[in-house]
Each structure stands twice: as structure tokens, then as C-alpha cells.
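Okay, thanks for making the time, everyone.

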Amino acid sequence: MAAKNTDAHASASNSSITDSEAWQQLKAHFQQNRTLHMRDLFASNPERFHQFHIRLGDILLDYSKNRITDETRRLLIELAKTAGVESWRDKMFAGEHVNLTEDRAVMHVALRNRSQQAMYVDGLDVMPEIRQVLQKMRVFSDAVRSGEARGYNGGRIKSIINIGIGGSDLGPMVVCESMKPYAQRGLNAYFVSNADATHLQETLKQVEPESTLFVISSKSFTTQETMLNADSAKAWFLDLVGSEKAVARHFVAVTNNTEAAEDFGISADNIYQIWDWVGGRYSLWSAIGLPIALYLGMDHFEELLEGAHAMDQHFKTAPLEENMPVIMALLGVWYNNFFDAQSHAVMPYSQYLRRLPAYLQQLDMESNGKTIDREGERVDYLTGPIIWGEPGTNGQHAFFQLLHQGTKPVPADFLVPCISQNPMGNHHRVLVANCFAQTRALMHGKTTSEALDQLREEGVPDDEINTLFAHKVFDGNKPSNTLLFEKLTPKTLGSILALYEHKVFVQGVIWNINSFDQMGVEYGKELAGDIQGELSHREETHSYDSSTNALINYRKGIYYHQQDNNNYDKKS
């Protein structure tokens with residue numbers, strides 16, 4: 001049963017947010033102001049940037065290039081209050097069971113709590129256990145990195161292979177990829193997730209068993225893809241090493257299922273705990289982050305936690321109108337639900353952040369891709385958007401044409417560091433200039449008169465101008481946020497990732513959905529198990545619809561025909 005919302009502004013239980021006065025006022029405001037152009041808003045208010053930006057530490061959020069006014073912001077804040085954002089936020093930090101369908105607390109914020117303050121789940125202060133696991137991670141990662149902990153033949157560990165999927169893969173992977181400048185020289189980190197054997201095989205080609213440490217990350221230690229890859233990795237290892245005892249020196253686990261991990265051959269000392277109140281896509285801050293500690297060092301892992309904690313405290317205490325996650329969430333609701341913008345682009349102008357869009361896809365789409373609200377009723381409005389993106393400047397030569405002149409509204413986030421980790425000539429100046437230019441062009445556009453003037457200045461003949469000018473016009477008025485930060489450090493990255501976590505949470509509250517389950521993922525897994533059985537024998541399948549039956553039987557025909565040919569060749 002859904003928890004009662006005690007916020008003074010909260011809407012009545014079981015009523016749709018779209019029926020609220022705040023929503024209806026926003027709807028009327030949208031109709032009255034839908035033709036406003038940001039070009040005119042900037043022209044009429046030279047101080048617009050100062051009104052629409054937030055700074056936290058070295059992170060600056062410029063949200064002035066959005067189709068909003070002071071009144072829009074006021075109405076959006078009122079919507080957040082009506083939905084009970086403050087109340088639900090406080091419940092999450094207090095350890096209440098805000099994951100309603102699974103009756104669990106959602107306490108990833110405790111994992112990065114850098115204060116001495118207790119944090120409770122079901123009446124128990126979880127901080128002592130968290131600190132114990134962090135200390136265990138430090139001891140082990142220090143030992144591996146220093147060479148004290150070695151492989152079965154006495155050699156140093158040179159390669160770390162994380163085997164997981166979903167949050168157990170994307171979280172540590174995006175951090176390790178983003179923080180390469182902080183990695184220890186001579187140590188490489190790899191991430192294997194796909195059930196396609198190619199992912200594992202191509203990774204194993206790059207390593208040697210005697211210098212490789214495998215981290216098996218699965219809360220249940222039964223996740224199909226993870227255990228498939230783990231079993232195959234173990235078989236590869238044993239085939240080359242030939243010693244079961246050596247497994248304990250080269251495999252560690254992050255799991256709740258200690259017994260299964262020990263049966264796999266992992267020493268009890270090398271099993272790291274993860275708790276039920278840690279959701280997979282929020283788990284990089286836990287022992288799931290062990291590959292981060294190994295690759296970057298525990299000091300840098302703790303800097304990551306510190307950055308996230310700083311954002312947590314900001315989210316928890318800042319007034320809604322000055323609250324970075326809240327503002328970003330409300331802007332997303334504004335475009336998603338009033339402008340019918342069904343996707344949201346993320347453009348990191350940093351090659352190190354190239355996997356950030358993939359990480360945010362899971363965080364956002366698995367959290368808020370829901371049609372059922374907290375009361376079990378079907379929603380009558382759009383929920384989570386499609387998240388996509390690529391690093392700049394690559395994206396400019398791929399999909400930016402659609403952003404500038406396409407027919408679909410696509411709000412976008414631009415992220416860029418002021419200082420490069422790899423200064424070389426004027427590379428970074430060019431990168432940053434392109435980032436700022438794109439947000440300016442998306443906002444301002446190019447009018448007909450500007451297009452005509454430009455063509456005339458270029459000396460284009462009049463007959464060509466008449467043909468070309470319409471193609472040179474850009475409507476502009478395309479919204480974007482810019483996240484500008486001094487340098488991409490572990491602390492800054494921690495704050496950015498926590499910012500997006502809280503943004504997603506706020507949007508889930510406004511849409512009255514549970515952002516912390518993923519029921520839609522389970523159905524496909526169930527069917528896959530059944531179909532796997534059908535693929536294991538030659539008999540024709542007739543259990544499903546005609547399409548699925550035909551696909552199964554077509555694959556069987558090809559597979560078993562090949563098997564028969566191989567057997568014939570062997571006999572010959």
C-alpha cells in the first residue's frame with residue numbers, strides 16, 4: 001500500500017497529478033506562453049543568466065537557455081510541492097520504505113555519507129556496516145595495487161575484469177572510464193556484461209590468467225548473464241591454470257549470496273556484502289564499486305563518495321527554487337508533459353564521459369519507464385523520456401542536424417570541463433567553443449533576415465539566394481542546460497552522478513510512480529528461460545505465436561544442420 005503523503009501541499013491520495021490546480025495552472029501558462037522565443041527573452045532581460053543559474057562547489061548549472069520565465073519556475077516549484085517532493089525526499093533520507101512495490105528502503109545516500117551522522121534502515125544504524133565494508137575494500141585494493149596480494153604464481157595483478165550486468169556493470173564502468181587519468185599505471189580494468197560470448201572472449205584475449213583478477217558482481221549470485229560469463233571465465237582460467245585452489249586468489253565476489261559464492265570457489269574473505277536497500281542502478285557507491293577502488297585507488301573512490309555526499313546535502317537542504325536536481329527535474333517535466341518532448345539528449349563534451357549517456361539511460365529509463373502509479377493505477381500522462389547522446393564534438397557531425405532543424409523537440413544537457421586532463425595545443429579551446437556555440441545556436445537560431453544577410457555578404461548570386469535562404473533558417477528556441485565544471489575529478493564526477501540520481505527521483509515523485517523497481521525487466525527474463533529450453537532440442541516448437549515459433553524453428557534448422565555437418569566431417 002502506498003505511504004500516505006504528509007506534505008502540506010500534497011495532492012489527495014489516488015488523484016492524478018494532472019488534476020491538481022498546480023498542473024492546470026501550468027497548462028494554462030503553457031498555452032499563453034508557448035510561442036515565446038528565448039531570443040526575445042534574452043534581449044528583454046540582459047540579466048537572464050543571473051536569474052537562471054545555480055552553483056554548487058565547482059559545478060555551474062546554467063539553465064537560462066530554457067523556454068521559461070520567472071512565472072514558469074514559480075509554477076513548476078508549486079507543482080513539486082503539490083506532488084510532495086520535499087516529503088518524499090525526507091522519507092528517502094530517513095530510511096522509510098519508499099520502494100513501495102518491494103517494501104524496501106532506498107538508502108544509496110547512506111553509502112556515501114561522509115559525516116558522522118547515523119542513518120537508519122528499519123531502526124538499525126547502517127553506517128557501522130558500511131564503514132566496515134569500505135575498510136575491507138581499502139585493505140584489499142591497497143594490497144592488490146601495492147603488489148602485496150598476488151596471483152597464484154606470485155606475479156602481480158595487472159588486469160581486473162568485472163563481470164556483472166546493469167548497475168553492476170554500468171556504474172563502475174562509467175567511473176573507471178571517466179577517471180582514467182587517476183588509474184594506476186600498469187593496471188587495466190575491463191567490464192564484461194553481455195551474454196554474447198564475444199564480449200568475454202575478446203576481453204580474455206587481452207589478459208593472462210596468472211595476472212588477472214575477476215570481480216563477480218551479482219546481488220543474488222544467480223543473474224543469468226553474470227553467472228554465464230562467470231562460469232565461462234572460471235572454465236577458461238582452470239583450463240589454462242589447472243588448479244582449483246588458484247580460483248580463490250583470482251576471483252572475488254560482491255553479493256548477498258555468500259553460500260553460492262563460496263560454492264563457486266571464492267574465499268569467504270573475498271566476498272563483499274551488498275544490502276537489499278541498495279538498488280542495482282544506485283550501487284556503484286557500495287562494494288559494487290570495488291573495481292573502482294582497485295583501478296583508481298581507495299582514496300579516489302572516497303573522493304567520489306565525497307562529491308556525491310555534497311550533492312546529497314544540497315538536494316536535502318537547498319530551497320526548491322535553488323536546488324539543482326529539483327530544477328533539472330522540473331525542466332524535464334515541463335518539456336516531457338507540456339511540450340510532448342519524448343526524448344532527452346545528453347552531450348558530454350569530454351571523451352572521458354563518453355559512456356555517461358549509456359549509464360544515464362539505465363538510471364532514468366529503468367527507473368521511470370513506468371505506466372503504473374504508486375496506487376496501482378494506469379497513468380494518463382507521459383512518464384520517463386528516452387535518454388540518448390554521444391560525446392561532443394562527434395555528435396555535431398551525426399545527429400545535431402535533427403536538433404537544429406528537425407521536427408522533434410529534444411531538450412539537451414551539455415557537460416563540459418573548463419580545464420582538460422590532456423592539454424594539447426588549442427584542442428580544449430576548440431572543444432569548449434563548440435559546446436558554447438551549440439547551446440547558443442540552439443537557443444538563438446537564425447532568422448530569415450539573418451540568413452539573407454549572410455548569403456549576400458558571402459557574395460552568393462540573387463537567384464541562388466532565393467533557392468538557398470530557406471534552408472539556412474534555424475528556428476532556434478531549442479532548450480538546453482549547461483553543466484560547466486572546473487575539471488573532471490572523482491569528486492566532481494560523484495556530484496554529477498548524484499545530481500542525475502536525484503533528478504530522476506524527483507521526476508518519479510511528480511509522476512507518482514515508484515522509481516526503484518524494474519518489473520518490466522523480469523517478464524522478458526521469464527520468457528527467455530522458456531525459449532532457451534525450446535532451443536535445446538530438435539523438435540519443432542508450436543507453443544507460441546506464429547512469429548516466435550517460426551524464429552525458434554528457423555534457428556533450430558540452421559543450428560542442428562551445422563551440428564550434423566560437423567559430426568559428418570569428424571567421421572570422415
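So, at roughly what angle do the axes of helix H7 and helix H14 cross? Roughly 150°, and the axes of H7 (residues 127-146) and H14 (residues 298-317) come within 10 Å. Axes here are lines fitted to C-alpha atoms, for helices over the stretch in contact, with angles running from 0 to 180 degrees between N-to-C directions. Helices (H or I, at least four residues) and strands (E, at least two) are DSSP runs, numbered from the N terminus.

Quick housekeeping. This is a predicted model, where local features need pLDDT of at least 70 and side-chain atom pairs count only at pLDDT 80 or more, while totals for chains, interfaces and linings use all residues. Residues are numbered from 1 along each chain as its sequence is written, and side-chain values use heavy atoms, leaving out hydrogens and water.

Back to that helix pair. On the H7 side we have Leu-134, Met-137, Arg-138 and Ser-141, and they meet Met-298, Asp-299, Phe-301, Glu-302 and Leu-305 in H14; contact means heavy atoms within 4.5 Å. Sorted by class, that contact of H7 with H14 has five nonpolar residues, one polar and three charged. For the classes, Ala, Val, Leu, Ile, Met, Phe, Trp, Tyr, Cys and Pro are nonpolar, Asp, Glu, Lys and Arg are charged, and the others, Gly among them, are polar.

Keep an eye on Met-137. The largest nonpolar core has 120 residues, and Met-137, Val-175 and Trp-277 are the ones with the most contacts inside it. A core, for us, is a set of buried Ala, Val, Leu, Ile, Met, Phe, Trp, Tyr and Cys residues joined through side-chain atoms within 4.5 Å. Buried is under 20% relative accessible area, exposed is over 50%, and partly exposed is in between (1.4 Å probe, protein chains only). There's a second, separate core of 25 residues, and Phe-221, Met-227, Ile-266 and Ile-271 are among them.

Why flag that? Because most residues other than glycine have a negative phi, and most peptide bonds are trans. Asn-477 is another non-glycine with positive phi, near 65°, in the loop between helix H20 (462-468) and E13, and Asn-477 is buried too, at 8%. On the peptide side, Gly-392 and Thr-393 are joined by a cis bond, with omega about 15°. Thr-393 is in the loop between strand E11 (386-388) and helix H17 (400-405).

Glu-486 and Ile-59 are 427 residues apart in sequence but 7.2 Å apart in space, C-alpha to C-alpha. Glu-486 also touches Asp-58, Pro-417, Cys-418 and Ile-419, ignoring residues up to four places away in sequence.

H22 (residues 519-535) and H23 (residues 546-571) have axes within 10 Å, crossing at roughly 40°. That makes H22 and H23 oblique to each other, because angles under 35 degrees count as roughly parallel, over 145 as roughly antiparallel, 65 to 115 as roughly perpendicular, and the rest as oblique. Ile-531, Glu-534 and Leu-535 are the H22 residues that meet H23.
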